[in-house]
Amino acid sequence: MDSALVQAARQIYRFHLQHRPDVLEQPPRGVVIHRRTLRGDLIFSDFPILLPQETFIPIQHLEQVA
């Protein structure tokens, strides 16, 4: 998996941990991230629906120490 995607997804996840703890009442399944813009959102469903230019990064990849 592209390290830039994982790093961007990790930043999105950390932002929500620090600034939006209310959103994390239910643990997220991961982050869906756009491969070109590196913008993304937390995903809480078991089966995310992705656009062709998006990648799903599971929460296990985000919690690992880089």
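Q: What makes Leu38 a loop residue, and where is that loop?
A: Leu38 sits in the loop between strand 1 (30-34) and strand 2 (40-43). Keep in mind that this is a predicted model. Something else to spot here: phi of Leu38 is near 60°, a positive value in a residue other than glycine.

Q: Why is Leu38 called partly exposed?
A: Buried means under 20% relative accessible area and exposed means over 50%, with partly exposed in between. Leu38 has 35% relative accessibility, so it counts as partly exposed.

Q: What about Arg29: why does it get its label, buried, exposed or partly exposed?
A: Its relative accessible area is 39%. You'll find Arg29 in the loop between helix 1 and strand 1.

Q: Which residues does Arg29 contact, leaving aside its neighbours within four places in sequence?
A: Contact means heavy atoms within 4.5 Å. By that rule Arg29 is in contact with Ile43, Phe44, Ser45, Asp46, Phe56, Ile57, Pro58 and Ile59.

Q: How do you know whether the protein agrees with a compact globule?
A: With 66 residues, a compact globule would have a radius of gyration near 11 Å, and the protein has 11 Å, so the two agree. The C-alpha atoms fill a box of roughly 30 × 25 × 20 Å along the principal axes.

Q: What pattern do the helices and strands follow along the sequence?
A: There are two helices and three strands, and reading along the sequence gives α-β-β-β-α.

Q: What makes up the largest nonpolar core?
A: It has 12 residues: Leu5, Val6, Ala8, Ala9, Ile12, Tyr13, Val31, Ile33, Leu42, Ile57, Ile59 and Leu62. Helix 1 (3-19), strand 1 and helix 2 (59-63) each supply at least two residues of this core. The largest share, six residues, comes from helix 1.

Q: What does Leu62 touch, not counting residues up to four places away in sequence?
A: Leu62 touches Val6, Ala9, Arg10, Tyr13, Val31 and Ile57.

Q: How many of the 66 residues count as buried?
A: The share is 33%, using the cut-off of under 20% relative accessible area.

How values were computed: Residues are numbered from 1 along each chain as its sequence is written. This is a predicted model: local features need pLDDT of at least 70, side-chain atom pairs count only at pLDDT 80 or more; totals for chains, interfaces and linings use all residues. Side-chain values use heavy atoms; hydrogens and water are left out. Helices (H or I, at least four residues) and strands (E, at least two) are DSSP runs, numbered from the N terminus. The radius of gyration is taken over C-alpha atoms; the globule rule is 2.2 Å times the number of residues to the power 0.38. Buried means under 20% relative accessible area, exposed over 50%, partly exposed in between (1.4 Å probe, protein chains only). A nonpolar core is a set of buried Ala, Val, Leu, Ile, Met, Phe, Trp, Tyr and Cys residues joined through side-chain atoms within 4.5 Å.
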